[in-house]
Amino acid sequence: MTFLFRSGSLRDKLRAILQATYTHSWNLACFVFVYKGLCALQAHTQGKTYQSHSFLAAFIGGFLLFGDNNNINSQINMYLTSRVLFALCRLGVEKGYIPELRWDPFPLYTAVVWGLVLWLFEYHRPTLQPSLQSSMTYLYEDSNVWHDLSDFLIYNKSRASK
């Protein structure tokens with residue numbers, strides 16, 4: 001995405017990718033340190049480990065290290081949100097709160113997600129994250145105009161009339 005949508009030289013784009021990678025890995029390393037430290041502290045203080053220790057340690061670590069609303073943290077949190085929702089659905093089935101279906105719900109889930117995202121893109125675009133808006137604009141609007149093969153291989157953007 002950086003190569004497609006970020007302006008600047010190849011050097012600038014590579015620098016942005018390396019900076020994002022560094023920030024992501026640094027935040028994750030610090031989170032692991034805080035999480036494991038708080039879990040150990042709680043277990044030591046209370047004499048044994050409880051399920052709540054994990055949640056509380058991660059809650060504090062997440063707030064401290066992933067609480068800034070920036071592009072990297074936003075991507076990480078959205079990724080985790082989708083994984084957590086899937087896991088909670090599976091847990092709900094495992095615990096009997098949600099009935100186990102006799103058919104695979106994935107095609108229906110996929111259809112709902114794609115229907116919603118395109119509806120939001122077409123009619124409520126500002127509600128979508130900016131990087132998703134850019135990707136969808138490229139795919140569903142910029143693709144309406146083709147000049148030559150370079151539009152397909154590099155980046156298709158409407159060219160000014162001469």
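Trp114, Val117, Leu118 and Phe121 in helix H5 meet Leu132, Gln133, Met136, Thr137 and Tyr140 in helix H6, where contact means heavy atoms within 4.5 Å. This is a predicted model, so local features need pLDDT of at least 70 and side-chain atom pairs pLDDT 80 or more, while totals for chains, interfaces and linings use all residues. Residues are numbered from 1 along each chain as its sequence is written, and side-chain values use heavy atoms, with hydrogens and water left out.

**H5 against H6**
- The axes of H5 (residues 106-123) and H6 (residues 130-140) come within 11 Å and cross at roughly 90°.
- That makes the two helices roughly perpendicular (65 to 115 degrees).

**Second largest pocket**
- Sixteen residues line this pocket, and Phe86, Cys89, Arg90, Val93 and Pro105 lie nearest its centre.
- Lining residues have an atom within 4 Å of a pocket grid point.
- H4 (71-95) and H5 each supply at least two lining residues, with the largest share, six, coming from H4.
- The lining divides into twelve nonpolar, one polar and three charged residues.
- Domain 2 (71-100) and domain 3 (104-156) both contribute to the lining, so the pocket lies between them.

Definitions and conventions:
Axes are lines fitted to C-alpha atoms, for helices over the stretch in contact, and angles run from 0 to 180 degrees between N-to-C directions. Helices (H or I, at least four residues) and strands (E, at least two) are DSSP runs, numbered from the N terminus. Angles under 35 degrees count as roughly parallel, over 145 as roughly antiparallel, 65 to 115 as roughly perpendicular and the rest as oblique. On a 1 Å grid over the protein atoms alone, a cavity is a set of points where a 1.4 Å probe fits but cannot get out, and a pocket is an open set with protein on both sides within 12 Å along at least five of seven lines; lining residues have an atom within 4 Å of a point. Ala, Val, Leu, Ile, Met, Phe, Trp, Tyr, Cys and Pro count as nonpolar, Asp, Glu, Lys and Arg as charged, and the others, Gly among them, as polar. Domain bounds come from an automatic or database domain assignment.
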